[in-house]
Protein chains: 4
Amino acid sequence: MTTRFRASVYRVAASAPDDISGVEALIADGLDPHSIVAVLGKTEGNGCVNDFTRGFATATFEGLFARLGVEGVSIVMSGGTEGALSPHWTIFAREQVDAPAIFAPSRRSLAIGVSRTADLLPEHLGRKEQVDLVAQGVRAAMASAGIDDPADVHFVQIKCPLLTSAKVAQAQARGKRTVIADTLKSMGYSRGASALGVAVALGELGMDDVEDTDICRTLDLYSARASTSAGVELADHEIIVLGMSEQWTGPFAMTHTVMWDAMDAPSVRAAWSALPLGRLAAVLAKAEPDPRGTVRGRRHIMLDDSDISGTRHARAFVGGVLAGVFGETELYVSGGAEHQGPPGGGPVAIIVEREEWA
Amino acid sequence: MTTRFRASVYRVAASAPDDISGVEALIADGLDPHSIVAVLGKTEGNGCVNDFTRGFATATFEGLFARLGVEGVSIVMSGGTEGALSPHWTIFAREQVDAPAIFAPSRRSLAIGVSRTADLLPEHLGRKEQVDLVAQGVRAAMASAGIDDPADVHFVQIKCPLLTSAKVAQAQARGKRTVIADTLKSMGYSRGASALGVAVALGELGMDDVEDTDICRTLDLYSARASTSAGVELADHEIIVLGMSEQWTGPFAMTHTVMWDAMDAPSVRAAWSALPLGRLAAVLAKAEPDPRGTVRGRRHIMLDDSDISGTRHARAFVGGVLAGVFGETELYVSGGAEHQGPPGGGPVAIIVEREEWA
Amino acid sequence: MTTRFRASVYRVAASAPDDISGVEALIADGLDPHSIVAVLGKTEGNGCVNDFTRGFATATFEGLFARLGVEGVSIVMSGGTEGALSPHWTIFAREQVDAPAIFAPSRRSLAIGVSRTADLLPEHLGRKEQVDLVAQGVRAAMASAGIDDPADVHFVQIKCPLLTSAKVAQAQARGKRTVIADTLKSMGYSRGASALGVAVALGELGMDDVEDTDICRTLDLYSARASTSAGVELADHEIIVLGMSEQWTGPFAMTHTVMWDAMDAPSVRAAWSALPLGRLAAVLAKAEPDPRGTVRGRRHIMLDDSDISGTRHARAFVGGVLAGVFGETELYVSGGAEHQGPPGGGPVAIIVEREEWA
Amino acid sequence: MTTRFRASVYRVAASAPDDISGVEALIADGLDPHSIVAVLGKTEGNGCVNDFTRGFATATFEGLFARLGVEGVSIVMSGGTEGALSPHWTIFAREQVDAPAIFAPSRRSLAIGVSRTADLLPEHLGRKEQVDLVAQGVRAAMASAGIDDPADVHFVQIKCPLLTSAKVAQAQARGKRTVIADTLKSMGYSRGASALGVAVALGELGMDDVEDTDICRTLDLYSARASTSAGVELADHEIIVLGMSEQWTGPFAMTHTVMWDAMDAPSVRAAWSALPLGRLAAVLAKAEPDPRGTVRGRRHIMLDDSDISGTRHARAFVGGVLAGVFGETELYVSGGAEHQGPPGGGPVAIIVEREEWA
């Protein structure tokens, strides 16, 4: 026998941004809170600048972990459960278990790693400095997951900062100019630069392939495995790497695919059917309004609607596409997919708990 | 040879609520404008009380038909193309053609009938008077379509009125009380009562099965074939009946099904695959936030979101489900499905143009 | 010398719903946290059903007071700082001071009292049970303030519960029917019944003057001094009574008036000029869309706008009227004024810190 | 006797974007439709990209004028009647009358001039080409009004184009790059460049004072008399100049002022009281969220609210400030005040019909 890591994934319903009763019940039922490495939450705010449901949820989890004496959990909240999407928490845990010393390659299992970067200066947001900072963070999270080969990485979730009016003013007061003054748009720049950082870390792009002016402009530069969310509540980056590794054990298996546009259900069905049979454990996806203003040649209005942010439109619609495939609504569909998959499309990661596992 | 009716269906993209250039091009290409019996439009407004895109589109088509000397076209505009749904017009036309006098039952084809009711008093909206008025109108439209058996009806589209602050005040000035004072909510009452009128006309319910207090309350009373939209621009009801009839000829075939909830893609796939092979000509569907606040046991936030109307959430999401099935975004997804299919679900009608037709 | 109470009022800017740094600074500068009896906050949410900024702010203050060992503070958060209104906290404190045993009646000063009611059952919301429960609570708060004569009360702030989809379902599961199923509308019923409870307690109405069917219908029944806000975060009522009393000392003086409609600046200017000279310490006001659909005979669109809640429109507009009078934007303008002042108008309370006080 | 022009101003309520019944009634009562030179409308849309109420109103008026055989009327529709602002049309008419050949300078009266520019290429929007094009247009409108001295101009209303997704794509297809890709933001650039064109025409700035990079950035460059609105329905600029001239006669008199920030009621009161006594005939004002994120040092949330456009917040609030001054809600408050008055403030023009006029 030898000691190995084993990952677990739990989805828990949330009745409000501060409802963590389901997580507390899991812990009461035996989940060791010290095994929790990450919480991915979908909260019911607008997912844009003034979405305080993310901060409220984060503060609530921070309070829980402080009471339990648990440190270092990566808490990533993504706002927006449009359409029938359901607010929920996805808990990722890892623990050390005894496992047979010899095993077949087919015994690969879900692996999890996390990291945080240094704080980002407002004037570096949406520029190469952010790309580089994130690439370093992703490499650190891969090391934490025990994954050497970037090909084994199936999803990288990053929570990145955004600009507020105050941050823009602070930078100006120091004589610096931010990439943009519009706070809502700043979320896109931050998500885009972070995604390019993932692409660099995973070898999908080289650092020299990216210039400042490419960010949020040259959209055929992208990562097929990045998922980035911007939040008002942090100044650095929280990074979670998910993949498959022979060094991990347990029933959870994972893959990823790319939706080529907002209604690309066939790609998702194909990826799902390639996984072993089992209970669906989590779906992690990105959605964005196609920046060309059309989907398969037909005009959409997501970018011309001044009443509803395009990111909200996109989450609702892609949420419908995915719910039609999976028959579930506790799906992590995160808005804003700049440089995350092709324009108008986005990465989708699927985790199942294998039926047969011994 | 004998003379029979033949239906045609055209979908035309709209770049704005007053863009009818595609329809004008069809006419220039040979479509006889006098053969047009109905226009179903999806416009890009919010689909709620202050959605003037419907009225703008209606006025634009009225101007066109007036210039062409065409009268009696039923113009039904449904607001809201959330998510990647694409604004478009669906044109229904019928013309008389020569056909073989003897034909097999398999030669049934799409049939179209229309009617309008008298004006509805504001205080009758959402009450049995409206149910009865609509039932009469549906029967008139069936007669217009040459359909005797209600089982041959696959879709009944109704445009019904709503209450505005002014109409509520007018009723009060006459000493009458409207079913509700809230203008947005009045749309639901009008849609609900109209749908029950369809159910009565099609024999799905008896007139005695419905009381005033059932409307928008007893949601297991419903029609599987009604689609009703409320609009600020009319005081009566515009009714379009679509079905299959041996008395009609042509390549278009139609069926319907019911989505049992907002993500019931399998029912839609099954209905589509039961139709003959052919090009998709139109999809007509209803969507609503599940009034129980959940979808398959998971909470949705559509009814608790004070920033976006629940009908907009529902159209975006169900639009995604259907686009994932059909791979198209020019889908007529209309919000508000009170008494139209089961709670949280709704009717879906599919029209194809058969590949083989001789 | 004798011992008397002395009230203090502080307005503190908030940079986010969880920014209480300004209050912590006050405490660091000498404010005894045990002297704080109430916090009235304006947070930057939508002020409607899914406004979690109120709960976030409340949780943040609760954490502060728990850390400081302070109990019993009434925390009332009102969402919505539309237009140029500025998010802020108003802190009401009282302490015992030595004062001359003999004093002139002109030496009346601001007095503060608080109370909480029992929890309200969902099916009692918006009905006479709620009116009665609140009236009892107001009397308790007056006793807490040492005010005997209702004429000395200038403002009664009440935080009341609302219905969520879950609460409606819970009541139905017990065989009870709530006054309404619509969650956003339930806020109006709760605010209205609470305001009538104030009117009963202050003798503006008798308990027999109010029937269930009057609530949110017979709008000429109202209190000129009630201000009620509904929040998702509580099930009971938090009540704060503000008035003038000879039993209190200190520089703060208060009065109230009624705006007869949404643009009644003259009434506000008159009330302000009747107060002694001094620094403006707080303005507490209510705003609502005129339910008749007009203001001075001209149509407004607040009740027909399905993109923005009418309460948000009203706060922005009345906020502008008041800011034009006072030249400040840290104004407590709370939306939803059912039975609080005449239809379309609302109470306004003004507190100044007198220049001359010895 | 000699022949001179005489201006008239009418405000007419609108019950919907296509309700011109009040204008038809004016004409039935004797207003010569050929005397109408301009219509300024406030319609009840969101005033942003997808506000089709402007186009609907414009089409309705165009239909009216076509039926009447009237050509060349400048139709300027500004969307957004937030708060209690009331949708209405302001009709400006001019006719030739006989007047005494000799008159005192005090006999100056309201003068009106109009012009249209050539179409603007999408890539010129928000750049110096637009500034120059507008400056030429303003000079043409002044000539049309018979005003030589720029100091006699009190208001210049311009309707300017905006970018849509389609226009951005068209420019890109020609190898051109628009100033911005975001359609909502493009409205600001167009309004800003147009306002600078007014400033250049009126001598407030020289053409050399403005660089491309100043537009929407160097906000201390502004006109105190410009009011610009962007609309999806035009590609050129419609320009209306209003001022006072000895060459005109009639009871209408006009002045202007600048609100220094969003709550600067005193400046407005002062300007109004400096006009001769008379009935208020029109108020024309601009409103914008202060780009610094504060008003008199206090934070506002208008630029951080992703649910409601900042322009809607600003119109509601400034509408309240002005309604508190004038006691009326049929005020032309137009959103987006880039380079129109100081940052966060804006021009206000007031027209009265003098009581004494002989």
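This report describes the fold of chain A and then selected sites in chains A, B and D.

## Chain A as a whole

The model is predicted. Chain A contains 7 helices and 15 strands. Its C-alpha trace extends over about 60 × 45 × 45 Å along the principal axes. A compact globule of 358 residues would have a radius of gyration near 21 Å, and the 19 Å of chain A agrees with that.

Burial is the next point. Of the 358 residues in chain A, 67% count as buried. The accessible surface of the chain comes to about 11700 Å². Carbon and sulfur atoms account for 50% of that surface.

Contacts in chain A can be sorted by sequence distance. Among those between residues at least 6 apart in sequence, 84% join residues at least 24 apart.

Chain A carries 32 positive and 44 negative charges.

## Helix α4 in chains A and D

Helix α4 of chain A covers residues 165–173. Its buried residues include K167(A), V168(A) and A171(A). These residues sit on the same side of α4(A), because they cover an arc of only 100° around the axis. An α-helix has 3.6 residues a turn, so residues three or four places apart point the same way.

Which exposed residues does the face of α4(A) turned away from its buried side carry? They are Q172(A) and A173(A). Just after α4(A) comes G175(A), with a positive phi of about 80°.

Chain D can be described in like terms. Its helix α4 spans residues 165–173, and K167(D), V168(D) and A171(D) are buried there. Seen down the axis of α4(D), the buried residues fall within an arc of 100°, so they line one face of the helix. Q172(D) and A173(D) are exposed on the other side of α4(D). G175(D) follows α4(D) and has a positive phi, near 80°.

## Loop and strand sites

| Residue | Relative accessible area | Class |
|---|---|---|
| E233(B) | 32% | partly exposed |
| P150(D) | 24% | partly exposed |
| R296(B) | 46% | partly exposed |
| R296(D) | 46% | partly exposed |
| M259(B) | 1% | buried |

**E233(B).** This residue lies in the loop between β7 (226–230) and β8 (238–245) of chain B. At 32% relative accessibility, E233(B) is partly exposed. What does E233(B) touch, not counting residues up to four places away in sequence? The partners are R54(B), G55(B), T58(B) and K159(B). A59(B) is 174 residues from E233(B) along the chain, and their C-alpha atoms are separated by 9.6 Å.

**P150(D).** The loop between α3 (128–145) and β6 (153–160) of chain D holds P150(D). The residue is partly exposed, with a relative accessible area of 24%. Residues up to four places away in sequence aside, P150(D) touches M142(D), A201(D), L202(D) and R225(D). One of these partners, A201(D), is 51 residues from P150(D) along the chain. The C-alpha atoms of P150(D) and A201(D) are separated by 7.9 Å.

R296(B) sits in the loop between β12 (294–295) and β13 (298–299) of chain B. Its phi is near 45°, a positive value in a residue other than glycine. R296(B) counts as partly exposed, at 46% relative accessibility. In chain D, R296(D) is placed in the loop between β12 (294–295) and β13 (298–299). The phi of R296(D) is positive and near 45°, and this residue is not glycine either. R296(D) counts as partly exposed, at 46% relative accessibility.

**M259(B).** Is M259(B) buried or exposed? With a relative accessible area of 1%, M259(B) is buried, because the cut-off for buried is under 20%. M259(B) belongs to strand β10 (residues 252–259) of chain B. Neighbours within four places in sequence aside, its contacts include D264(B), V268(B), V318(B), V321(B) and L322(B). P342(B), G345(B), G346(B) and V348(B) are also in contact with M259(B). The C-alpha atoms of M259(B) and V37(B) are separated by 28 Å, and the two residues are 222 residues apart along the chain.

Methods. Residues numbered from 1 in each chain as written. Chains lettered and ligands numbered in written order. Predicted model: local features only at pLDDT ≥ 70, side-chain atom pairs only at ≥ 80, totals over all residues. Heavy atoms only, no water. Helix = DSSP H or I, 4+ residues; strand = E, 2+ residues; numbered from the N terminus. Rg over C-alpha atoms; globule rule 2.2 N^0.38 Å. Buried < 20%, exposed > 50% of the residue type's maximum accessible area, 1.4 Å probe, protein only. Contact = heavy atoms within 4.5 Å. Areas by Shrake-Rupley, 256 points an atom, 1.4 Å probe, with all protein chains shown as cover. Lys, Arg positive; Asp, Glu negative; His and termini not counted. Charge placed at Lys NZ, Arg CZ, Asp CG, Glu CD. Arc of directions from axis to C-beta.
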